[in-house]
Structures are given as C-alpha cells and as structure tokens.
Amino acid sequence: MTPLLQMHGIAKDFPGVRALDGVDLQVRAGEVHCLLGQNGAGKSTLIKVLAGAHQPDAGEIRWRGEPVSLTSPTAAVHQGIATIYQELDLVDGLSVAENIYLGHEQARLGFVRRSTMNAAARELLVRLGHPEIEPARELGSMSAAGKQIVSMARALSHDAQVIVMDEPSAVLASNEVANLFRVIRDLTAHGVAVIYISHRLAEIREIGDRVTVLKDGRTVAADLPARTTPTDQIVALMTGRAAAQVFPARPEPGSHDGRPEVLKVDGLTLPGAFHDVSLHVREGEILGLVGLVGAGRSEILETVYGAHRPSAGRVTVDGKPLAPGRVTAAVRAGIGLAPEERKSQALLMHDSVARNISVASLGRYARLGFIDRRAELLDARKHSEELDVRPADIRRDVRTLSGGNQQKAVLARWLLRGCRLLLLDEPTRGVDVGARAELYRVIRSLADSGVAIVLVSSEVPEVLGLADRVVVLREGRVVREADARAIDEHTILDLVMKGSAA
Amino acid sequence: MTEHSGVAGQPPPVDERGRVEAAALETAEPATRRTGSAWARLGEVRNLGLVGVLLLLCLAGVFTKPGQFLSVNNLVLILTLASIIGVISVGMTFVIIGGGIDLSVGAIVAISTVWATTKATQSFGVWGIVFTALCVGVGCGLVNGLLIAYGRVVAFVATIAMLAGARGLAIQISQGRTQTVTTPNQALVDLGYRKSYVLGVPPLVIIFAVVVVLGWILLNRTTFGRRTFAIGGNPVAARLAGLNVQLHTLMLYVLSGLCCGIASIMLVILTSSGTSANGNLYELDAIAAVIIGGTLLSGGRGTLVGSVLGVLVFTTISDLFTLNNLSTAVQQIAKGLIIVIAVLVQRRAEARDAKT
C-alpha cells in the first residue's frame, strides 16, 4: 500500500542555520505517527513545511504517491493536511462555529449563513464525541481542552486526511488527555492519519503506532514500533549518547532533620485553588509537590510568593511571619520564584543575560540611584559562570539562549539576590532531554549550598528522582507526605487519581 | 570564560540601549553579534538614520534658502520651537518605554499655563508662577498615575479622560480668555528676549538641554531607568522579580506631568501669557517624535536620543516649509509620510528580533 504522505530528503536553510538536513517521513492512512526529537532537532520546521508555511530548499513531498508542492498554508489545507499548533490559533472573540469555519465561512454573497454553519459545526463536534459543546458559544469562555477540540473540528471541516498535533497534551490535565486519546483513536479508525509530537514517552507508548526520530535536522530512525522500542534506545537516538544516570546523588534520608526550617506553611487556603495546606522545607532540602494540573500546585507556590492573597493560613520564612499578598515582601524575606511560563513571567526578552540576572538585585548596585554597572556586570558574570550558562557572553540577549540556559539565567538571578528559598515551577518545561540532567545537577547543588527548594513538576519521575521529600496534592488538599525514595510513581498516580472521574 | 573579560579589571562596556552604542559594539566585536542584511543593520543604527534624515533636511534648507536657513536667527528659532515639545517628549519617552501612553500632555500644558497665570498666582511673583506650573503638572500626572497604576484603568482611557477634563478645567478657570503676564512678573517674560541669551543661546534651549541630559542619565544610569525598561518589557516578570510595578508606573506619569509643567513655564515665557488653547495636539507631536525616534510603542525598548532627534526632524521640516512658503497642508503630508516610513523600518527590526 502506498503511504498517504511521503517526505524524502527534505532540507531547509535559514540564514546561518541548516534547520532541516535530509528528513524522511512516511505516514500511512489511519496511523498515529509519533515524531520525536530534542528541541532544535527540526520538528517545528518540519511541521511548518508540512503546513505550507515554509518552502523546503530540497527534497520531495508525495501525497498518495503523487509529487505535490505545498506552496502556502491554503494549499496544504486543500490537499488535506491540517495542523494544530501548540499555541492554538483560534480567535477568542468569535463563536465556536465561527472559529471552525474561519477562512471558509459558509456564506452566500458575503453574508454568513449562521444557522447552516452552526448545524455543520455541531455535526463535526458530535463526530468528535463532544455534542455538549454549543456552536454558538464564545470561544474565549472555554477551557484549553475545549479549544483543542474546536481546533480538531476545524481540521475536520477541511476534510483533513493528515492532522499534525504539536504537543497537544501540554495544555491538558490528565483526564483531558484520556479524552484527547479517545478522539484520536476515533479519527484513525476513520482512516485519518495523525502526526503526534510530544516529549512525553508514556503518551507515545499509549497512543502511537510508529515513531520517527529526528536529530540535528535529520531522520536518524524511522519505523520504530511505538509500544515496544526500549526507552534507552529512543533517548540514545535523540541525544546521540547513551542514557546515563540523569539525577544527581541525594543525601541520605533524614539527613536534613536537624537543620532549621526555612519555610513553614500553616493551614494556607486560597478559595477555589487549595485548602488548609501545611508544609515545611528545611535548609538544603528539596521538597517536591505532585498532583494533577488544577490540584493547586502552582497556586501554592504563587501564594507563598505573595502573588495571591490567601484567605486563611500563615507563611513563615526563617521563623518570621511573611506579610501575605506582597511579592516585594517575599523577595525581601529571601524567596525567589522561577515561574512556569519562563518567557512571559520571568524573562526580560529584550534585555541581556546580565540585566536579567541583576534585575532583582539592582538596589545593591545603586548609590543615590546610580548603578555601578561594573560591579553589576562582574557579579552577574560570576553567577552565570557558577551555573555554567551558555554561551558564556552575558551581554547577549537572553532570547538567543536555549530553554535550559534561560532557566539557568533565572536561577542565577536568585542566586545573586542570595535567596534562602527557591520556588521552582516546572523548571524543565521546554528544556530538552539532554539539558535536563544539567539543570538537575544545578538544582541539587543549590540545595547542597543550603538553599531550601520547593519543586513543582507535572512529570512524576522527575520529582521522585530529584526531590528529598514529596507532598502529594489532590483537589487542593495534601493527601500524603513521604520520603521521595519511599514512594513510587504508581502509588502517587493512584493517590492523585482517586476520587476523580477518570 | 576569558574571551569577553578584556583587560584585567577593565570589563567591556555595557550595551547602552542607545542604538548608536549598539552599533559601535557591533563593529568592535563582530563575532558576538548576529550577522544580518544591510537592511537589518540599518535598523540597528536607526538613530544614525535619523541623523541622516536631519542632515538631508538641512541640505535641503541650504540649497533652497541658502542665506536664511543657516542664519543664526533661524537655527535659534528651530531650537526654540523644538524645546517645548522636546521637554514633553522626554517625559513621553519614559512613559512609552515603561509600557504606557500619555495622551493628556497637551491638556496638562493648557491647565498649567492657565493656572500659573491667574491673577491670584501672579500675585506671588515669578516663583509663584513657576511653582504653580510645576505643581499642576505633577498633580495631573499623579492623578493619571493613580488611576492607571492603582485604579487599573487602561492608560489610553485614563489619559484621554485627563485630556478632556484638564482642558475643560483650563477653559473654566480662564473663562476662555488669554491671561497675559503682568508687569511685576516681567522678569519671566524677559527670559524669552535676546538680552537674556547666554552666549547666544536662549534660556529655553538651555532648559531643554538640561532636561534631556538629566533624562538621559535617569534612563541609562539609574535603577529608575533600568526598572522602566524592565516594567515596559515584561510587567509580569518585573513584578515576580520583586519590583514595585505599581509605584513605578505611578512615578512615570508623575514624571511626564513634571515635564509638562516645565514645558508650561517655557510656553509662558515664549508667549508671555497663558490660555486654555495652549498645547493643542502636543500629545500627537510628542508621541510621533518618540516613535520615529525608535521607541517601541509596546514598551521595553527605546532611546531618549532618538526622541530628541525625532523632535528636531519635525521642527526642521516645519521651518523648511515656512521658509519656502509652502502650505501647512503639504507639511502635514510630509510629517505623515515620515511617521509611516519610520514605523515600517521599526517593524523590520522587530520582525528580525522575532526570528532569533
């Protein structure tokens, strides 16, 4: 049988970089084809070639065996290739139906035929197993999961034969992921092919049929069975080296017992997010918070940090009570936050690495308001070297750095400030597999230097491998506290899922 | 780690934000900078581009009106006309880099000049006039800042309300009349006359220069300036880094109000009167100058030198057209074209940034 889509020897140059350097990809009708690769391996560029947004410099694309050229996004859509991007490209102010038919409205003489369009939209939503979504509803009021369904309905409205999904699970909670998988299975049962991109190996094992691995703009492996290929082999293919021990050594259990408590949280409550949460972290200790998205993990960090004002409860840092709801007070007390959305919440993207590091400590370099820029630069350099931020030139714009190095710059900011307590919200999000181990090492060495750390991560193995102690949250309440070595992933998943509908 | 440390104990210069300096860095260390097309580099040295435009305009002046354009009188006139909008543009540059906008500057100038020239104010003498103008300017800025920073009103809305309200109040106070500066306060008006020129430079131009220099230092050498860039570039990140975003935003509008107060005094000196018609459409001239000077309307990036050049470009155009007896209509068209071209160049620079 001829594959539905064949790409052969695809190359794409950007000024100064070869983004794709001979990619081969074959996708059969009705399969879930997984695309794996580190950040920068060329996945995004390949998707954009498929979507008609980039034109390849070399190579051939065949559709049902016939050569085609996808000269524009419209051409790709007409051919039957639809792409669901990570940042969903929907318009919040329009209705569900208007979003589905955006650009190919059901219209006569320029007038939108609202009822026809709504009816057609409803049909698509039913086909996706979501009859409860009202086509006339305004999109902005829907959850991320709902928006994703709308994106898929839009793909189907174009009669897509191939749907490309770029990290679709990144915005979803785990029960929503289950629903996404149900929809994907239904699509493939009807002969639609799905190209599925995700960093999460567990998902690929569950939903995928075959795997293609990209590295440095080339296909390094194709036609791997998704369920049975050993993880070691996949990681080795992606990184080009054997999967070594990624987590740094931990101190013995209980070795922090005698050390002072840096953070103590008592009965903290933020209505609608979490209730009566109590926890503590000692000097040099890493505490991991696990739970589903929406279990209140990030909100707890943000409340401790003063970004939300709790309705009840107390936070003490080094024995002193912290004024609630004030970030400046938290920073003064020695707390630092590395937020979940690095680019939008932590970094000054227009600024240099040095300025990103010094921004929280500017007062130290000021005399009558004037900045001693030499001292500032020297200190910023010292801390960026300490964490091995690369490239080493701290005058570079921070946006030119990779995700892992940007995260290091954020950590260096708090290192320079000299903080006692670091709150890390999804520190490895968007950081590729190879760079994660390095980040783990940095986090552990910060703890060894006496900083107390609270770690939030959606990836349970990461928390279990890195933290000393784990607090498990479900629906905003603490359900278990345990030594990280005394609890396994299965137990945690049991705990967080119990009572939920899934 | 040694490749960038330079001579021991002598760290290399920090990127100054100024496009000019950025360009200098680029030539000094080509290895650490991105390469780009000639177009892209033109964007990088946008201020130099503006200097070029200014030179072209001067050449046009020299060729069309050789005797008149280069005369001392004309050059002094250009600088004097530039000085008032120039001072306002300094405040506007801070506000826009900080991620805001101030549409009320013209109206603040109107109310400040009116309030500073009422009979009651004038009875306190020259310093009474100066003090009142500054206080009214700062007060209006304070109201703007409180509404925007603490009342969470969008800057566009809050300052447009001030635009309407302040000018209305100015009309109310002056009852639509022009209030001239009385004889006892003649000393203030005298500052506008030739006899007060210092080495041939009018006091107004000196005030302008001082404001620009102080503004440049504030923006590029102090924590206040650094925080302005941070807050405009990414307000969320600035807040989570522990900066007091609300207070800083308030201060930005107060600063803009202060600049309006200073500009009001200058306007009273120049016209020896105060009227509610003063400062009409100054907001547009100031914003236009800031934007063609390379400051991003979205905040987080910009230079004061660019804004000053922008003001000079606009004033020189006006002067050229007046010298050549061309209608103000043509003059407006030329201004419009310059704004569009400047923004298009800026867009290219932004697009280039987005790619990296």
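Let's start in chain B, with helix α6 (residues 105-116) and helix α8 (residues 125-150), which pack at an angle of about 150° with their axes 8 Å apart. Helices here are DSSP runs of H or I, at least four residues, and strands are runs of E, at least two, numbered from the N terminus. Axes are lines fitted to C-alpha atoms, for helices over the stretch in contact, and angles run from 0 to 180 degrees between N-to-C directions.

A word on the source: this is a predicted model, where local features need pLDDT of at least 70, side-chain atom pairs count only at pLDDT 80 or more, and totals for chains, interfaces and linings use all residues. Residues are numbered from 1 along each chain as its sequence is written, while chains are lettered from A and ligands numbered from 1 in the order in which they are written.

Back to the pair. α6(B) and α8(B) cross in the right-handed sense. Who makes the contact? From α6(B), B:Ile108, B:Ile111, B:Ser112, B:Trp115 and B:Ala116. From α8(B), the residues include B:Ile129, B:Ala133, B:Val136 and B:Cys140. Contact means C-beta atoms, placed from the backbone, within 7 Å. The spacing makes sense: an α-helix has 3.6 residues a turn, so residues three or four places apart point the same way. By class, this contact has eight nonpolar, three polar and no charged residues. Nonpolar covers Ala, Val, Leu, Ile, Met, Phe, Trp, Tyr, Cys and Pro; charged covers Asp, Glu, Lys and Arg; the others, Gly among them, are polar.

Still in chain B, helix α5 has 26 residues (72-97). At 1.5 Å a residue it should span 38 Å, and its end C-alpha atoms are 35 Å apart, which agrees. That expected span is 1.5 Å times one less than the number of residues. α5(B) does have a kink of about 40°, centred on B:Ser83. The bend is the angle between axes fitted to the seven residues ending there and the seven starting there. After α5(B) comes B:Gly99, with a positive phi near 90°.

Now chain A. Here we have an open sheet of four strands, in the order β14-β13-β16-β17, with antiparallel pairing. Strands β14 (274-282) and β17 stand at the edges with a single partner each, so one side of each has no neighbour in the sheet. Pairing needs at least two DSSP bridges. β13(A) and β14(A) share six bridges, with A:Leu270 opposite A:Phe274. Helix α9 (residues 297-304) of chain A packs on the sheet, touching β13, β14 and β16. β13(A) and β16(A) share five bridges, and A:Val265 stands opposite A:Val315. β16(A) and β17(A) form a hairpin with two residues between them, and A:Asp318 in the turn has a positive phi of about 50°.

How do the chains meet? 27 residues of chain B are in contact with 35 residues of chain A. On the chain B side, α12(B) gives the largest share, seven residues. That side divides into ten nonpolar, eleven polar and six charged.

A cis peptide bond joins A:Arg390 and A:Pro391, with omega about -5°. A:Asp388 lies in that loop too, and its phi is positive, near 60°. For context, most residues other than glycine have a negative phi, and most peptide bonds are trans.

Conventions. Two residues are in contact if their C-beta atoms, placed from the backbone, lie within 7 Å. A crossing is left-handed if the near helix is turned anticlockwise from the far one by less than a right angle, and right-handed if clockwise.
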